[in-house]
Amino acid sequence: MRGPRRQERAITGNRQTSWAFADAYGAEHVEHVEHSAALRWARDRAREAGLRPVSDGTGAALRLLAAAVDAKAVAEIGTGTGVSGIHLLHGMRPDGVLTTVDTEPECQQIARQAFRAAGFAANRARFIPGRALDVLPRLADGGYDLVFCDGDRMECLEYLGESLRLLRPGGLVCFEGVFADGRTVDTSAQPAEVLRLRELLRTVRDSTALLPSLLPVGDGLLCAVKRGR
Ligand SMILES: C[S@@+](CC[C@H](N)C(=O)[O-])C[C@H]1O[C@@H](n2cnc3c(N)ncnc32)[C@H](O)[C@@H]1O
C-alpha cells in the first residue's frame, strides 16, 4: 500500500506506540503506580481470562480521581479480575466501600482474592454478581461519589443515565475505553459499539448536567462531574 492512507496508518501506529509508552512511563516515573504482587497477579489472571484490565496510566488517573472527590462510595461496572478496583480502593478514603458489579462470579472471586492480597479488608468491597442494568436500579439515588463504567460498551448510554441518578452533586462518572483503539475517530465503517461510544461522547458533551473532560490515558478515559453542588 502506498500514498496517504499508508502514511496515515504508519502515523497512527507510531502514535499508538508512543501513547502506550507515555502511559506506562507516566505511571512508573510520575504517578508511582506500585506494581504490587497483587496487581501483577490480577493482571495475569485477566490475561488468562481474555479480559482487558485498565492500563497503569488509567489506574493512576482513577486513583487520583477517587482521592480528589474524597470518595467514600464508588460503584464499578465491570469488576474483571480487580485491577481497576485495586486502583480505586487506593484512592478512596480508608473507610470507603467499592460496590462492584459483574456478570461473571468467577471473575469476582479472583478480584476478591486480589483485593485481599493488596491489603484491603473484606468490608472495603461489596461484590454484586449480575447484569449491570439489572443491578444498578437497586443502588441508592445520590449515594455515590464516583461511578466507573467498564462493562458492556453497547450499554454505555444506559450506564450514563444510571450514573446520573446514582451520583451525588459534584460526583464523577468515568468511562473506560472510549477511544476503542482509535476506531472512535476512524471515518471508515464501524461496528455498533463504536457508534454507541460516539453517541456517548456527544451526549456527555451536550449535557448541561455534566462538566466533562476526555483524559488521554490508556484507551481513553471519559470523565464528567455531575454539576449542582
Ligand atoms: C474490560 S473487563 C473489566 C476490567 C476491570 N475493570 C479491570 O480493570 O480489571 C469488562 C468486564 O465487564 C463484565 N461485563 C460485561 N458485560 C457486563 C454487563 N452487562 N454487566 C456487568 N458486567 C459486565 C465482563 O464480565 C468483564 O469482567
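Modeller: Helices here are DSSP runs (H or I, at least four residues), numbered from the N terminus. Heads up: this is a predicted model, where local features need pLDDT of at least 70 and side-chain atom pairs count only at pLDDT 80 or more, while totals for chains, interfaces and linings use all residues. Residues are numbered from 1 along each chain as its sequence is written, and side-chain values use heavy atoms, with hydrogens and water left out.

Biologist: Okay, which helix does S84 lie in?

Modeller: Look at residues 83-91, a stretch that includes S84. That run is helix 4.

Biologist: Is S84 buried or exposed?

Modeller: Buried means under 20% relative accessible area and exposed over 50%, with a 1.4 Å probe and protein chains only. S84 has a relative accessible area of 4%, so it counts as buried.

Biologist: Which residues is S84 in contact with, leaving aside neighbours within four places in sequence?

Modeller: Contact takes heavy atoms within 4.5 Å. With those sequence neighbours set aside, the partners of S84 are V54, L62, E76, G78 and F148.

Biologist: How far is a ligand nitrogen from an N or O atom in the S84 side chain?

Modeller: A polar contact is a pair of N or O atoms within 3.5 Å. Polar backbone atoms come in too: V54 has one 3.0 Å from a ligand oxygen, and A132 has one 2.9 Å from a ligand nitrogen. For the side chain of S84, the distance to a ligand nitrogen is 2.8 Å.

Conventions:
Helices (H or I, at least four residues) and strands (E, at least two) are DSSP runs, numbered from the N terminus. A polar contact is a pair of N or O atoms within 3.5 Å; within protein, one must be able to donate a hydrogen and the other to accept it, and residues adjacent in sequence count only if both atoms are side-chain atoms.
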